[in-house]
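Colleague: I would like to learn how to read a few local features from coordinates. Could we go through one case at a time?

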Amino acid sequence: SALLAAEQGGQQLKWAPMSEKQSVFLKEVFEPSRVETKDIPEIESKASNNYEEINAFLKAKGFSIQLDPFPEQDLGTASMLKVVLDWQEAGHVRDVFLEGGDSKAYPGVFLKTGVTFEASPAHPN
């Protein structure tokens with residue numbers, strides 16, 4: 001969705017993968033889903049070479065995260081997926097800490113059952 005938003009920004013873009021993972025993503029995920037993705041109403045995206053436009057989009061959607069300034073020749077994107085669901089049981093607000101990591105607290109929710117934590121080898125959090 002973010003890549004489609006970038007393409008619709010009026011710029012002539014040709015995606016140039018910089019790694020094998022990016023190449024696989026463009027070929028096996030992005031291209032085959034290009035048509036369907038734009039019709040998913042739960043996904044909204046913004047792309048711009050102006051970080052303030054993206055920050056305004058994020059703020060309007062209720063996000064506190066903001067992009068740092070970047071050069072006008074760069075491109076930034078933001079996407080959000082809005083899914084409404086009902087939980088089987090109520091949770092309780094709790095901080096989450098990385099196992100064996102720093103002592104930084106991350107906001108989380110404690111549920112008594114049906115929850116597991118998984119770690120990705122591609123990302124430290």
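Predicted model: local features only at pLDDT ≥ 70, side-chain atom pairs only at ≥ 80, totals over all residues.

Colleague: Is Val 83 buried or exposed?

Modeller: The cut-off for exposed is over 50% relative accessible area. Val 83 has 54%, so Val 83 is exposed.

Colleague: Which residues make the nonpolar surface patch?

Modeller: Leu 81, Val 83, Leu 85 and Trp 87 make the patch, with an area of about 490 Å².

Colleague: Now the helix. Where does Asn 55 lie, and is Asn 55 buried or exposed?

Modeller: Asn 55 belongs to helix H3, residues 51-60. Buried means under 20%. With a relative accessible area of 8%, Asn 55 is therefore buried.

Colleague: What does the side chain of Asn 55 reach?

Modeller: The backbone nitrogen of Leu 67, at 2.6 Å. Once neighbours within four places in sequence are left aside, Asn 55 is in contact with Gln 66 and Leu 67.

Colleague: How many aromatic pairs does a search of the whole structure find?

Modeller: One. Tyr 51 and Phe 70 form this pair, with 6.2 Å from centre to centre and 65° between the planes. Planes over 60 degrees apart count as edge-to-face, so the pair of Tyr 51 and Phe 70 is edge-to-face.

Colleague: Which parts of the chain does the pair link?

Modeller: Distant ones: Tyr 51 is in helix H3 and Phe 70 is in the loop between H3 and S2, 19 residues apart. Tyr 51 has a relative accessible area of 23%, so Tyr 51 is partly exposed.

Technical notes: Residues numbered from 1 in each chain as written. Heavy atoms only, no water. Helix = DSSP H or I, 4+ residues; strand = E, 2+ residues; numbered from the N terminus. Buried < 20%, exposed > 50% of the residue type's maximum accessible area, 1.4 Å probe, protein only. Polar contact = N/O pair within 3.5 Å; in protein donor to acceptor, adjacent residues only side chain to side chain. Contact = heavy atoms within 4.5 Å. Patch = residues over 30% accessible without salt bridge, like charges linked within 9 Å, V, L, I, M, F, W, Y side chains within 5 Å. Areas by Shrake-Rupley, 256 points an atom, 1.4 Å probe, with all protein chains shown as cover. Salt bridge = Lys/Arg side-chain N within 4 Å of Asp/Glu carboxyl O. Phe/Tyr/Trp six-rings, centres within 6.5 Å; stacked < 30°, edge-to-face > 60°.
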